[in-house]
There are 2 protein chains.
Amino acid sequence: MEGKKKTGARFEMVKKRHAATLKKAEDEKKIDKAMVSLCDFISGTKNFFTSSGCSGRIILLGLKSRSKLDSRFHRKWHEKVEPEKVLEALEEETEGEIWLKMEPFIIHIGTNSLENAKKLLSLKDKSGIKRGGIITAKPGKFIVELIGTEEISVLVKRGKKILASDEFIREIVEEANRKIGFNYERVEKFEEIVRKELR
Amino acid sequence: MEGKKKTGARFEMVKKRHAATLKKAEDEKKIDKAMVSLCDFISGTKNFFTSSGCSGRIILLGLKSRSKLDSRFHRKWHEKVEPEKVLEALEEETEGEIWLKMEPFIIHIGTNSLENAKKLLSLKDKSGIKRGGIITAKPGKFIVELIGTEEISVLVKRGKKILASDEFIREIVEEANRKIGFNYERVEKFEEIVRKELR
């Protein structure tokens, strides 16, 4: 069994490291702006930290092969997008498959004890987030992952061939815009509850 | 603090109740067959239980309104499906929106201690399952959720109007078939590891 002092010291170290990673991501604009305010608040609490998060996005994902390792963003939007912009991006030359996706938020929050991790699970429930749980449980280091459920994922192009009609792609982009709206509302609700209840 | 004896007794009770629910689901064929063997094995261990699970499916989901509460299955397949069957099902009269979805497996496993819950997280990692975590953490009752990442989700019909061409729907169903194949392989891999490592 490790001593409380040792796990406490380790937590402080982990928390500091994550605060630095967050600062760097913010400086380099690698974190989307809807996440900055939530992450900054969490970083300022005594017992919780976060180094990253994505508030949700609409993307055109290129897959050269079946492996996710071989994927890259053809386009990425952290907000609603004009259907015409998606159509234009699809007209560009691409290789392999292109998937049109609306991906929900994903947030990782760290803390120092099982009790505090359970506190995060209760805030998750309170804010109506259905998906997520404790993904790491070590002495002095617990990580809770929270994921939204709004999503769209569909193949739209293979090689040079766009598989769906412009009209259909417009419909799907409008759906993605509606869903990303609900998704952002959920993140806002979560931030509201976190600001009230995490110290 | 509750005594070990009390939480132990509570665990036995919960485990028994879940075994009965599982038995009933199997008798009524409410659990898909790819899950039966895994759930039976887990149910037979000393420290773990499960009452449910879905091995993944291809569905046509009807949404009368924006609320998930208002959704119902127009069709559901726990295996690969002929594209023509999907097209036929879409020709039937339906209300509201119809979404074509390939949903990944979702498995809930319960256990009696944080240590055993962590054991489940390690088996999740070993079998290459990316998503999931401890969703309940109470004295004597820990639940781990595991979810696959292969998925497709796209709106295909609104009111009487099928939004996509037959050709496109065939493409997407073939993708769904490929993805559900990978998804089932992951479940098999997980079962293989569980059978080796859970007692």
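Residues are numbered from 1 along each chain as its sequence is written, while chains are lettered from A and ligands numbered from 1 in the order in which they are written. Because this is a predicted model, local features need pLDDT of at least 70 and side-chain atom pairs count only at pLDDT 80 or more, whereas totals for chains, interfaces and linings use all residues.

**Figure 1. Overview of chain A.** Chain A contains five helices and ten strands; helices (H or I, at least four residues) and strands (E, at least two) are DSSP runs numbered from the N terminus. Its C-alpha atoms fill a box of roughly 60 × 30 × 30 Å, taken along the principal axes. Of the 199 residues in chain A, 37% are buried. A residue is termed buried if 20 or more other C-beta atoms lie within 10 Å of its own, exposed if 12 or fewer, and partly exposed in between, with C-beta atoms placed from the backbone. Among contacts in chain A between residues at least 6 apart in sequence, 68% join residues at least 24 apart; a contact requires C-beta atoms, placed from the backbone, to lie within 7 Å. The average pLDDT of chain A is 93, and 97% of the residues score at least 70, where pLDDT is the predictor's confidence in each residue, from 0 to 100. For the model, ipTM is 0.91 and pTM is 0.92.

**Figure 2. Relation between the two chains.** The same surface serves both copies, since 100% of the contact residues of chain B recur in chain A.

**Figure 3. The side of chain B that touches chain A.** Contacts link 20 residues of chain B with 20 residues of chain A. At least two residues of this side of chain B come from each of α4 (114-126), β7 (131-138), β9 (152-158) and α5 (166-197). The most is given by β7(B), with five residues. By class, this side of chain B holds eleven nonpolar, four polar and five charged residues. Here Ala, Val, Leu, Ile, Met, Phe, Trp, Tyr, Cys and Pro count as nonpolar, Asp, Glu, Lys and Arg as charged, and the others, Gly among them, as polar.

**Figure 4. Surroundings of L114(A).** L114(A) belongs to helix α4 (residues 114-126) of chain A. This residue counts as partly exposed because it has 14 C-beta neighbours inside 10 Å. Neighbours within four places in sequence aside, L114(A) is in contact with A137(A), F142(A), L114(B) and A137(B). The C-alpha atoms of L114(A) and G140(A), which are 26 residues apart along the chain, are separated by 8.8 Å.

**Figure 5. Helix α1 of chain A and its packing.** Helix α1 (residues 4-27) of chain A has 24 residues and reaches 35 Å from its first C-alpha to its last, close to the 34 Å expected at 1.5 Å a residue. The expected span is 1.5 Å times one less than the number of residues. F11(A), K15(A), H18(A) and L22(A) are buried in α1(A). The buried residues of this helix pack against α2 (33-43), β1 (48-49), β6 (106-111) and β8 (141-147) of chain A.

**Figure 6. K29 in both chains.** K29(A) is located in the loop between α1 and α2 of chain A, just after α1(A). Its phi is positive, at about 55 degrees, although K29(A) is not a glycine. Most residues other than glycine have a negative phi. K29(A) is classed as exposed because it has 9 C-beta neighbours inside 10 Å. In chain B, K29(B) lies in the loop between α1 and α2 (33-43), with a positive phi near 55 degrees.

**Figure 7. Nonpolar cores.** A nonpolar core is a set of buried Ala, Val, Leu, Ile, Met, Phe, Trp, Tyr and Cys residues joined through C-beta atoms within 7 Å. In the largest core, of 51 residues, I42(A), I134(A), V144(A), I42(B), I134(B) and V144(B) touch the most other members. Beyond its neighbours within four places in sequence, I42(A) is in contact with F48(A), F49(A), T50(A), I109(A), V194(A) and L198(A). A second, separate core of 42 residues includes W77(A), L60(B), V154(B) and I180(B).

How values were computed
Two residues are in contact if their C-beta atoms, placed from the backbone, lie within 7 Å.
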